[in-house]
Amino acid sequence: MEEGVVLVKRPNDERMQRSLHGMTRALINNMVVGVSTGFQRILEVNGVGYRAEVQDKNLILYVGYSHPVVMTPPEGISFDTDMKTRQIKVTGYDKADGRSGGCGYS
């Protein structure tokens, strides 16, 4: 940190150092964006008779199976649905995949 700015430097200009520098900068940027504004993905449900709804924080999908598919959100993730546009909005603070509690449903 220098004067309120996160500064990422690399020791030399080797290929590996450049790639680690870029990855570190991107990870720090995603952390800052995640806690300040958050991430969201908008998914569209397509299919005759397909629909989605939210009940008690769980996403319930009716997508052609004999039973509804219930998805429990990991910590830090929330679901919202819009029946008119048939969209599911997945929001969270972590851009990583679903295994680590992120917003990676895509």
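This is a predicted model: local features need pLDDT of at least 70, side-chain atom pairs count only at pLDDT 80 or more; totals for chains, interfaces and linings use all residues.
Let me begin with the open sheet of three strands, which has the order β1-β6-β5 and antiparallel pairing. Strands β1 (39–44) and β5 (77–82) stand at its edges with a single partner strand each, so one side of each is left without a neighbour in the sheet. Direction ignored, neighbouring strands of this sheet are turned by 20° against each other on average. The axes behind that angle are lines fitted to C-alpha atoms, for helices over the stretch in contact, and angles run from 0 to 180 degrees between N-to-C directions.

Residues are numbered from 1 along each chain as its sequence is written, and side-chain values use heavy atoms, with hydrogens and water left out.

Two terms have been used already. Helices (H or I, at least four residues) and strands (E, at least two) are DSSP runs, numbered from the N terminus. Two strands pair if DSSP finds at least two bridges between them. In general, strands of a sheet pair through backbone hydrogen bonds, either parallel or antiparallel.

Now to the overall order. The protein has one helix and six strands, and from the N terminus on its elements run α-β-β-β-β-β-β. Of its 106 residues, 17% are buried, that is, under 20% relative accessible area, with exposed meaning over 50% and partly exposed in between (1.4 Å probe, protein chains only).

I turn to the helix. Helix α1 covers residues 15–36, and its end C-alpha atoms are 32 Å apart, which agrees with the 32 Å that 22 residues should span at 1.5 Å a residue; the expected span is 1.5 Å times one less than the number of residues. Met16 lies in this helix and counts as exposed because its relative accessibility is 52%. Together with Leu20, Met23, Leu27 and Met31, Met16 makes a nonpolar surface patch of about 510 Å². Just after α1, Gly38 takes a positive phi of about 85°.

Let us return to the sheet and its strand β6. Strand β6 (residues 87–92) pairs with β1 in the antiparallel sense over six bridges, and six bridges also join β5 to β6, again antiparallel. Which residues stand opposite Thr91 of β6? They include Gln40 and Ser78. Lys89 in β6 is the bridge partner of Ile42.

Strand β2 (residues 51–55) pairs with strand β3 (residues 58–62) in the antiparallel sense over five bridges, and Glu53 stands opposite Ile60 in β3. Their hairpin has two residues between the strands, with Asp56 in the turn at a positive phi of about 50°. Strand β3 also pairs with strand β4 (residues 69–71), antiparallel and over three bridges; there, Met71 in β4 is the bridge partner of Leu59. The hairpin of β3 and β4 has six residues between the strands, and Gly64 in its turn has a positive phi of about 95°.

One last note concerns the patch. Patches are made of residues with over 30% relative accessible area and no salt bridge, like charges being joined within 9 Å and nonpolar side chains (Val, Leu, Ile, Met, Phe, Trp, Tyr) within 5 Å. Accessible areas come from the Shrake-Rupley method with a 1.4 Å probe, and for residues only the protein chains shown count as cover. A salt bridge is a side-chain nitrogen of Lys or Arg within 4 Å of a carboxyl oxygen of Asp or Glu.
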